[in-house]
Amino acid sequence: IIDENPFQDVKGSKQTNKSREHFVERETIGKVIDECPDYEWRLIVALSRYGGLRCPSEHLALRWDAIDWERDRMTVRSPKTEHHEGGESRVVPIFPELRPYLVEAFEQAEPGSEYVITRYRDKNSNLRTQFERIIRRAGESPWPKLFQNMRASRETELTAEYPLHVVCAWIGNSPQVARDHYLQVTDE
């Protein structure tokens with residue numbers, strides 16, 4: 001009935017709920033990884049916590065040809081930000097904490113595999129429910145935003161070591177989004 005969206009210039013308000021922030025400690029992730037049922041689950045957790053990838057979109061888009069072993073880098077395609085200029089992909093270091101899980105997955109991968117994560121590609125896969133079970137088996141309580149809190153924890157750690165603009169390029173967000181939704185104050 002109308003030719004254009006009357007709300008196209010209206011910006012939605014941004015809301016943050018600080019009570020849902022949770023820094024996921026490395027010790028906790030170690031226990032969780034030990035309880036993962038297979039190498040792909042270990043890699044899903046490691047990519048979230050030590051690579052800072054968005055789960056599941058960036059995990060499932062990651063291909064073996066995007067892994068540059070010699071330069072310790074991977075090109076991460078981002079369905080969430082691909083509509084922004086320059087947001088279709090970013091280069092992320094293969095951090096030392098992440099590398100063993102990538103190597104394990106590479107060694108286990110079927111010859112000619114295209115995608116890094118193969119087993120959980122079905123749209124009906126409920127990673128959250130299964131991940132909650134894994135966390136409980138590790139003797140931990142699930143935190144509020146399972147995957148996003150791991151990503152935020154990684155960004156918080158990296159920002160303590162590297163300039164914010166560099167970390168944001170790796171994580172794939174802006175400094176403002178990092179400050180509003182990711183960066184946390186830790187006990188240290």
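Mentor: Happy to! Helices (H or I, at least four residues) and strands (E, at least two) are DSSP runs, numbered from the N terminus. By that count the chain holds eight helices and three strands, and from the N terminus on they run α-α-α-β-β-β-α-α-α-α-α. The model is predicted: local features need pLDDT of at least 70, side-chain atom pairs count only at pLDDT 80 or more, and totals for chains, interfaces and linings use all residues. Residues are numbered from 1 along each chain as its sequence is written, and side-chain values use heavy atoms, with hydrogens and water left out.

Now to the core. In soluble globular proteins, nonpolar side chains tend to be buried together. A nonpolar core is a set of buried Ala, Val, Leu, Ile, Met, Phe, Trp, Tyr and Cys residues joined through side-chain atoms within 4.5 Å; buried means under 20% relative accessible area, exposed over 50%, partly exposed in between (1.4 Å probe, protein chains only). The largest one here has 45 residues, and W41, V45, M74, L102, F131, W143 and F147 have the most contacts inside it. Two or more residues each come from α1 (26-35), α2 (39-49), β2 (73-77), α4 (99-108), α5 (127-137), α6 (146-161) and α7 (164-171). Among these, α2 gives the most, with seven residues.

Contact means heavy atoms within 4.5 Å. Leaving aside neighbours within four places in sequence, F147 touches W41, I44, S48, C55, L127, R128 and F131. Stepping back to the whole chain, 40% of its 188 residues count as buried.
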